[in-house]
Amino acid sequence: MGWVLGACGQTPISADGEPAAHAERRFEFERVLMGVPFRIVAYGADEEAVARAARAAFARVKELNLVFSDYDPDSELRRLQAEAPRQPKKISADLARVLLLSRRLWEQSGGAFDPSVAPLVALWRNARRSGALPAPEQLAAARARRGFGDLLLDAEQETVAFRRADLAIDLGAIAKGYAADEALAVLRAHGFPRALVDGGGDLSLGDPPPGEQGWRVAVEALDDPERAAAELLLANAAVATSGDAWQHVEIDGVRYAHIVDPETGLGLRERFSVTVVAPTGALADGLATALCVLGPARGRSLVAQHPGVEAWITTLENGAPRTLHCTDKVPGTFSVQ
Ligand code: ADP
Ligand code: MG
């Protein structure tokens with residue numbers, strides 16, 4: 001969430017001023033997947049072929065939901081957790097890839113990004129339903145279960161082993177970005193590289209619309225959703241926004257976000273919004289969540305570890321938004337207007 005797409009792309013005009021006979025047109029498709037509206041925008045000349053590609057892309061996301069879902073007890077991740085294998089167990093290539101990136105982010109963020117906060121996330125989800133804070137002993141028990149290092153991953157062999165049986169993993173901070181990347185790859189494979197996939201606010205962008213230099217993406221300002229904090233022109237890149245603007249619970253006048261600080265076990269309490277532009281959606285999504293926990297001061301060094309990544313970390317100070325813009329930009333990958 002937290003961004004809006006501007007109008008982009010025009011019908012190409014042929015030399016004599018008439019619309020080109022085989023002009024690529026803009027098509028849009030939407031389906032609720034992974035609990036959010038997944039949207040595809042693709043350019044193509046043949047409507048049937050584009051629709052077929054979009055169906056295949058959605059099918060891929062559905063397949064990935066069966067890998068990563070935290071809600072479906074039959075998902076690969078939930079079944080793996082229930083089994084908590086002591087010996088290395090074969091996992092899918094998708095799960096291995098996302099766990100590998102998660103482990104890197106966990107290391108690089110000093111534990112701010114930690115999928116093993118799953119029991120804490122579950123407590124905060126309940127708090128949202130009940131409107132009451134988790135009991136101190138529940139928080140303590142859930143905090144004691146943190147420790148992503150207890151998941152032993154062999155990314156090459158595509159196996160995992162659990163060092164303890166009560167380890168729980170929640171990949172909600174990264175799975176949607178990965179799914180958007182994979183859906184875009186399907187559209188490309190079907191011959192439609194001029195496409196965009198929006199996984200409920202996690203955008204993976206392919207080649208630009210015909211005649212354009214990129215996809216126009218506006219990042220919403222923290223204090224006013226109608227105002228754009230930044231306007232981006234992006235192609236072959238991904239953008240993700242995380243923050244408490246959309247999902248939070250208010251208890252006794254304090255707002256707690258659905259992102260948990262692994263150190264305290266509490267939902268984040270500051271007003272913040274983070275937007276990340278990265279080469280892939282999985283990285284953008286994961287980094288955005290990590291930067292929410294780290295905040296501007298500590299977040300800066302995480303961004304510096306990723307060439308080609310740009311981030312905007314906005315916090316509210318006495319009601320006024322302050323944005324830190326971190327960049328280690330590779331020239332030519334995108335531009336800010
Ligand atoms: P959204 O789902 O709104 O796009 P995020 O990508 O930031 O937002 O993901 C938030 C989700 O990440 C939470 O719902 C939870 O499942 C998980 N999560 C919460 N805190 C952390 C954390 N510190 N590290 C990793 N994952 C987290
Ligand atoms: Mg995220």
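Buried means under 20% relative accessible area, exposed means over 50%, and partly exposed lies in between (1.4 Å probe, protein chains only). The legends below apply these terms to a predicted model, in which local features need pLDDT of at least 70 and side-chain atom pairs count only at pLDDT 80 or more, while totals for chains, interfaces and linings use all residues. Residues are numbered from 1 along each chain as its sequence is written, chains are lettered from A and ligands numbered from 1 in the order in which they are written, and side-chain values use heavy atoms, with hydrogens and water left out.

**View 1. Overview of the chain.** The chain has 337 residues, of which 52% count as buried. Its secondary structure comprises 7 helices and 17 strands; these are DSSP runs numbered from the N terminus (helices H or I, at least four residues; strands E, at least two). Among the contacts (heavy atoms within 4.5 Å) with a separation of 6 or more, 59% join residues 24 or more positions apart.

**View 2. The aromatic pair of F68 and Y178.** The structure holds 3 aromatic pairs, and this one is edge-to-face, with 5.9 Å from centre to centre and 80° between the planes. Rings of Phe, Tyr and Trp (its six-membered ring) pair if their centres lie within 6.5 Å; planes under 30 degrees apart count as stacked, over 60 as edge-to-face and the rest as tilted. F68 belongs to helix 1 (residues 47–68) and Y178 to helix 6 (residues 175–189), so the pair ties together parts that are 110 residues apart in sequence. F68 and Y178 are both buried.

**View 3. The aromatic pair of W106 and F148.** The ring centres of W106 and F148 are 6.0 Å apart and their planes stand at 80°, so this pair is edge-to-face. W106 sits in helix 3 (residues 93–108), whereas F148 sits in the loop between helix 5 (136–144) and strand 5 (151–154), so the pair ties together parts that are 42 residues apart in sequence. W106 is partly exposed, at 24% relative accessible area. F148, at 2% relative accessibility, is buried.

**View 4. Helix 1 against helix 6.** The axes of helix 1 and helix 6 come within 8 Å and cross at roughly 150°. Axes are lines fitted to C-alpha atoms, for helices over the stretch in contact, and angles run from 0 to 180 degrees between N-to-C directions. Helix 1 and helix 6 are therefore roughly antiparallel; angles over 145 degrees count as such, under 35 as roughly parallel, 65 to 115 as roughly perpendicular and the rest as oblique. Helix 1 contributes A53, A54, A56, A57, R60, V61, L64 and F68 to the contact, and helix 6 contributes A175, Y178, A179, E182, A183, V186 and L187. By class, the residues of this contact of helix 1 with helix 6 are 13 nonpolar, no polar and 2 charged. Ala, Val, Leu, Ile, Met, Phe, Trp, Tyr, Cys and Pro count as nonpolar, Asp, Glu, Lys and Arg as charged, and the others, Gly among them, as polar.

**View 5. Helix 4 against helix 5.** Helix 4 (residues 118–130) packs on helix 5 at an angle of about 150°, and their axes are 7 Å apart. That makes helix 4 roughly antiparallel to helix 5. On the helix 4 side, P119, L120, L123 and W124 meet Q138, L139, A142 and R143 of helix 5. The contact of helix 4 with helix 5 divides into 6 nonpolar residues, 1 polar and 1 charged.

**View 6. Helix 3 against helix 7.** The axes of helix 3 and helix 7 (residues 281–304) come within 10 Å and cross at roughly 5°. Helix 3 and helix 7 are therefore roughly parallel to each other. L101, L105 and Q108 of helix 3 make the contact with A282, L283, G286, L287 and L302 of helix 7. The contact of helix 3 with helix 7 has 6 nonpolar, 2 polar and no charged residues.

View 7. A84 is not a glycine, yet has a positive phi of about 40°. A84 lies in the loop between helix 2 (76–83) and strand 4 (89–90) and is buried, with a relative accessible area of 9%. E158, also a residue other than glycine, has a positive phi near 60°. E158 is found in the loop between strand 5 and strand 6 (159–162) and is partly exposed, with a relative accessible area of 23%.

**View 8. The surroundings of I259.** I259 is placed in the loop between strand 13 (254–257) and strand 14 (272–278). With a relative accessible area of 6%, I259 is buried. Leaving aside neighbours within four places in sequence, I259 is in contact with S242, L266, G267, L268, T289, C292 and V293.
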